[in-house]
Number of protein chains: 2
Amino acid sequence: METPAETPWLTSTQQISWRDYMVGTTALTDQLDRELREGHGLSLHEYEILVRLSEAEGNAIRMAELASSLSHSRSRITHTVSRLERLGYVVRGQCSEDGRGVSAVMTGAGRTALQVASHTHVEGVHRLLVSNASDAELAVLGTVFARVLKTLGRSRPTA
Amino acid sequence: METPAETPWLTSTQQISWRDYMVGTTALTDQLDRELREGHGLSLHEYEILVRLSEAEGNAIRMAELASSLSHSRSRITHTVSRLERLGYVVRGQCSEDGRGVSAVMTGAGRTALQVASHTHVEGVHRLLVSNASDAELAVLGTVFARVLKTLGRSRPTA
DNA sequence: ACGAGATGGTTGACTGTTCAACCAGAAGCC
DNA sequence: GGCTTCTGGTTGAACAGTCAACCATCTCGT
């Protein structure tokens, strides 16, 4: 922990890949977020929450589970869900079986908003990312980041 | 623009890849940012700016160029450079050849801070990403996002 | 040479995220 | 039962980023 020991410097090829990835990801998420906001007044993060809810049993997911499934902090989820609640797309419900628990539940309006917005979103993902990668390449993205997630394991923020 | 025409829905395989990528990227950048902050009081974005400056002729780059090379808005660069200036790692300089131009110039303290922080950063990138991908896979990341950047072309924010 | 428009950069208000502090309920221990 | 500790969730302040408005300078057409 004291001496950095041998720092494993990246080769210049690796550096270039890393940089393209970093900048490209920034530009991509920025653009998707912008399109969703302009078209539907919904941020990309809000949209992702609605997607998770739409797939869940009873359209309900507990806050902590939402947090970990998106790699967001609990406090961030609290704020974002509050916004969605203000929009009328979600309501909070008490969780049976755990007195502390709170679950976010998607409303009918939320489902409708999601369905409308999904066209914009999916079209964007397709145009910007999917059409720029073969199925094999896209699969590489997926598996690499699945490994990253596994490496990070439970070391995610809990504030 | 009116009818969404045919929305190109993703296959479920594509969806899984997309989601792993999204969540994994969030977790990865979050972790790298955290390590840099805790170890060196520098955000990942600030660090990236210092890297660009360290590679530039005279350790100086114009604000707009910095913005486009990082896919950040100009206003964002203004704010971030101001922070770096407050830290003493950067100073602003008038740009010869263009009266409007301002260039960020890295100071000696900035170079030192960058060198120290680079161990943490590179070690993190290696541990979390590089060691989770073969060279070929890493290259795929790079080329895919290079294509994404090309697709986005000059449609990046300019505010 | 001059006006119209594009580009470069900053500012200030607003929105979103983080962080630390906090309360409430659950779980484990004796 | 009554501690202690851990987990779930919220809160409010501080901080980072966006957005729109703004001024200055450069560019180009005429």
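Q: In this predicted model, what makes β1(B) and β3 of chain B count as paired strands?
A: Two strands pair if DSSP finds at least two bridges between them, and β1(B) and β3 (residues 102–106) of chain B are joined by 3 bridges, running antiparallel. So they pass the cut-off of at least two. As one spot to look at, B:R62 sits opposite B:S103 in β3(B).

Q: What makes helix α3 of chain B a helix that packs on the sheet?
A: Contact here means C-beta atoms, placed from the backbone, within 7 Å. Helix α3 (residues 63–70) touches β1 and β3 of chain B, and its direction makes about 85° with that of β1(B).

Q: Why are β1 and β2 of chain B said to stand at the edges?
A: Look at the order first: the open sheet has 3 strands, arranged β1-β3-β2 (chain B) with antiparallel pairing. β1 (60–62) and β2 (90–94) each have a single partner strand, so one side of each has no neighbour in the sheet. From one strand to the next, the twist averages 30°.

Q: How do you know that the copies meet through the same surface?
A: 100% of the interface residues of chain B are interface residues in chain A too, so the same surface is used.

Notes: Residues are numbered from 1 along each chain as its sequence is written. Chains are lettered from A and ligands numbered from 1 in the order in which they are written. This is a predicted model: local features need pLDDT of at least 70, side-chain atom pairs count only at pLDDT 80 or more; totals for chains, interfaces and linings use all residues. Helices (H or I, at least four residues) and strands (E, at least two) are DSSP runs, numbered from the N terminus. Axes are lines fitted to C-alpha atoms, for helices over the stretch in contact, and angles run from 0 to 180 degrees between N-to-C directions. Two residues are in contact if their C-beta atoms, placed from the backbone, lie within 7 Å.
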